[in-house]
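Okay, thanks for having me, everyone. Let me put this one up on the screen and walk you through a few spots.

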Amino acid sequence: MENYYQLAQIYSTATFRNVETELIKSLHSFSRKASIAVTGIGCVVLLGWMLDIPTLKSIFPGLVSMKTNTSLAFIMSGLSLWLWHKEGKSKNSRKNRYNIARSDIEQAKGKIKNPLFLHLAFNFSLAEVFASIVLLIGLLTLSQYCFGWNLGIDQLLFEESITAVGTFAPNRMAPNTAVTFVLLGCAGVLLNRRDRKNYIIAQSLTVVAFLIALVGLLGYAYGIESFYGIGPYTRMALHTAGCFLLLCLGMLFASPNQGLMSVVIKDNAGGVLARRLFPGAIAIPPILGWFIVGGYRSNTYDTEVGMSLLAVFNVIIFAILTWWNANKLGAIDIQRQRAEKGLKQANQDLENRVEERTIELKQVNKELHQRITERIQIEEALQTSYNLLNAVLESTPDAIFVKDLQGKLVMVNSACANVLGYAVEELIGKKDADFLPPEIAIILTETDKRIMRTGEAETIEEIIPSMGTVTTNLVTKSPWRDLQGNTIGLIGIGRNISDRKALEREVARREQLLNSFVTVAPVGIAILDDQMRYLQVNEALAQINGVAVEQHLGRSISEILPDAAQVIEQSLRQVLTTGEAALNIEACGELPSQPGTVLHWITSQFPIPGTNGQPMAIGVTVLDITARKQAEEARREKEAQLKEKNQELQHTLQELQRTQSQLIQSEKMSSLGQLVAGIAHEINNPVNFIYGNLTHVREYSQDLLGLVELYQQHYPTGTAEIQSKMEAIDLDFLIKDFPNLLSSMRVGADRIREIVLSLRNFSRIDEAEMKEVNIHEGIDSTLMILHNRLKAKTDHPNIQVIKEYGNLPKVECYAGQLNQVFMNLVANAIDALDEYNHQRSLEEIKKNPSKIWICTEAIDKNRVVIKIIDNGKGMIEEVRQQLFNPFFTTKPIGKGTGLGLAISYQIVVEKHGGRLECISAPGGGAQFVIEIPIRQMI
């Protein structure tokens, strides 16, 4: 009775596990929707960063914005949860759960001692990867807060102002946000493991993350900043806290029948009580607290009254919740008692029916056992006889078969069945036409009838198809006679000789193939015996020797080639004596068939061993390479000519490329010079107008201010209207600040005039001819133009320029072209330092700031030296040697043409008769040295 009651319990459990309750379905649906919603919110915020829409980033003006990494982490978390549902649904269908339930019931019925409990474990790699990325983002952000690092991940996608609301570092998520992502990332990884212990840990971490997000949301609701921020660090955004709450609920509802959540969804009093109390316990106290805090802040009541109201309302609300749940649980308990009573009655009826059926089965089982015993004894006797006969038939590897007078198979052994490709049972009672092609079956049937008619045995070869192939069998057939000597059938014994037949055919085929090869081979082939007589010659060798094939056979070398016989026979006898082959020997000479023509051959001579291993003959191959030798000689001559022409064309192409690059660059610099000169001229006129009038403005203003002071001395108390106007315009400040304003305007005008002068000096549009110029002015103009690139950037300080000018006389040169050289070298130095700074941290840059030195000096009476030095990372020797080659550049595609240094080299060396070189080594910066004469030699 107890066993059947347990069976009913197992059946009930299996049925409950097979059917998903509406509650679990609803929670799963909410979890999937939550994953989609969180992913969507993250995408919307990321779109706000892309389009710079403040409302999408912070909801309301003045609130903290959701950071870029926060939105990315939400997208990854939502995708991880969504993939968890999708992959779990595809790999754990209802059919699998139904099969597990049925297996439990069958095992209980069969009283199996060790039932097999199936456990399906899946590794959702993609969902786990997304969860791991969220964990990594949180850990990296926490490491930045803990150790003061800047890993560059905060503004990797978008930059944020350092003055952003509630932000410690630009675009860096809050520390409590990072902690929450670490918790949810760990929970996501554990959730994908699908293990009971992992579910408990994952849901515990999710509950902690839910509490952190709830505290942040309550901080915004109550106006308490410390709830959503930690110290001076970045605050958690309002919609960040909301997304966390939604994501936490989605992860808790993802597997409600596992871990901590299994208590909530159980169909018992505890589960019902938890489902009814949890929403109120979570929602009511914060809402009630918000109203209490609102009343207190509006000065409706003081702190003591507020706390009292909170206590009273909590007692009332939770008392109502308790009474309501107790009433519902009482009704549920009554329904459960009724169900248990019905189950006990059904169990009693089931026990009675099983007992009656058991008595009937015992009687039937006894009768069946007697019949089985009798049948086993008969089968054992038959099996003994059959085993003896079968042992005889199966002991031979030959095929054995027996046919009756109608040609039906009465008996076959396994060897015969294997040859035919059928099982023994399939062949018994069948004729040859039932399993063989008609044309073969007719021949075999006629042969069998003849043997049974004549009564004489025959041994014949038969072609039998077997398993897609055709086999040849040597079969001996003899009449099968009864005790009276009458023929009652046929007995046959066959052996498969297909391998032997195939070997014979292969030997014949190879012999024919070898003869054909020797005959048609384009290489001369011959076989000679130990007396140097030709045993076999092909057509190719006969044509080389100029003698027909038939005239070679049986004749010696001296008879065919009398002039060369001595040399050839000596070489062949050495091969025959030593047993070593002489391969690929080049030879040349004239043949009687072609006198006066030198021919070339490659010949190989090798011994042919006999049965005892000793050489019995010699094989010779001769290949005519005369045409190849002639072609090689012609090719060598042609290659020499082409190489010479190629060098000429390459030199011409290089000259054309250099000329083209010079023309293009000259045209660009000419156009740029005209543009710069035009702009400088157009700016200079209005600036001069402003600058010239500033003096008059200063004089007029001093006169007016003096007049105002004179009025104040003689009329210290003016009318009320004048006094009001003086206070409105703050006359004292205006008198004090107006001269300063004019001074600032004059400084700005001076600055503009300096820039215009630098532009005109750099362009030198009026100095296309060689003139005496001040080198330092050209350098200063270059630095003025490049001043913006030397200023500090967001990721590194400014580049310091140190000028060490010597006492230089005016130098005779092309000023515009020399300024172009200065511009190229200084710009390259700035590029090198910028690239070096991108490879260093801000602390390393501050420790060793970027610098450019510009040094000038006169080394003798007629030469000056300009040095441009930087403290960048330097360059390797291979790069330094190619710096001045046209089109060579180390910059990325689109950032350099490779012409700047090549043109600079031509300007210095070819136009000015000077010298331009680079001195550099890895880690030692770079130094460009320009040396030009003070006076050009005509």
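This is a predicted model: local features need pLDDT of at least 70, side-chain atom pairs count only at pLDDT 80 or more; totals for chains, interfaces and linings use all residues.

Residues are numbered from 1 along each chain as its sequence is written, and side-chain values use heavy atoms, with hydrogens and water left out.

Back to H24, residues 720–729. Helices here are DSSP runs of H or I, at least four residues, and strands are runs of E, at least two, numbered from the N terminus. Buried means under 20% relative accessible area, exposed over 50%, partly exposed in between, with a 1.4 Å probe and protein chains only. Of the 10 residues in H24, the number buried is zero, so the helix lies largely in the open.

Now the helix pairs. H2 (residues 22–51) packs on H10 (residues 238–254) at about 150°, axes 8 Å apart. Those axes are lines fitted to C-alpha atoms over the stretch in contact, and angles run from 0 to 180 degrees between N-to-C directions. On the H2 side, the contact (heavy atoms within 4.5 Å) includes Leu 27, Phe 30 and Ile 41, and on the H10 side Cys 243, Leu 246 and Phe 253 are among them. By class, that's 13 nonpolar, four polar and no charged residues. Nonpolar is Ala, Val, Leu, Ile, Met, Phe, Trp, Tyr, Cys and Pro, charged is Asp, Glu, Lys and Arg, and the others, Gly among them, are polar.

The second pair is H28 (residues 815–838) with H31 (residues 900–911), at about 140° and with axes 9 Å apart. So H28 is oblique to H31. Gln 817, Leu 818 and Val 821 are among the H28 residues here, meeting H31 residues that include Ile 903, Ile 907 and Lys 911.

Thr 472 sits in S4, residues 469–481, and is buried at 11% relative accessible area. Leaving out residues up to four places away in sequence, Thr 472 touches Glu 461, Glu 462, Ile 463, Arg 495, Asn 496, Ile 497, Ser 498 and Lys 501.

Terms used:
Angles under 35 degrees count as roughly parallel, over 145 as roughly antiparallel, 65 to 115 as roughly perpendicular and the rest as oblique.
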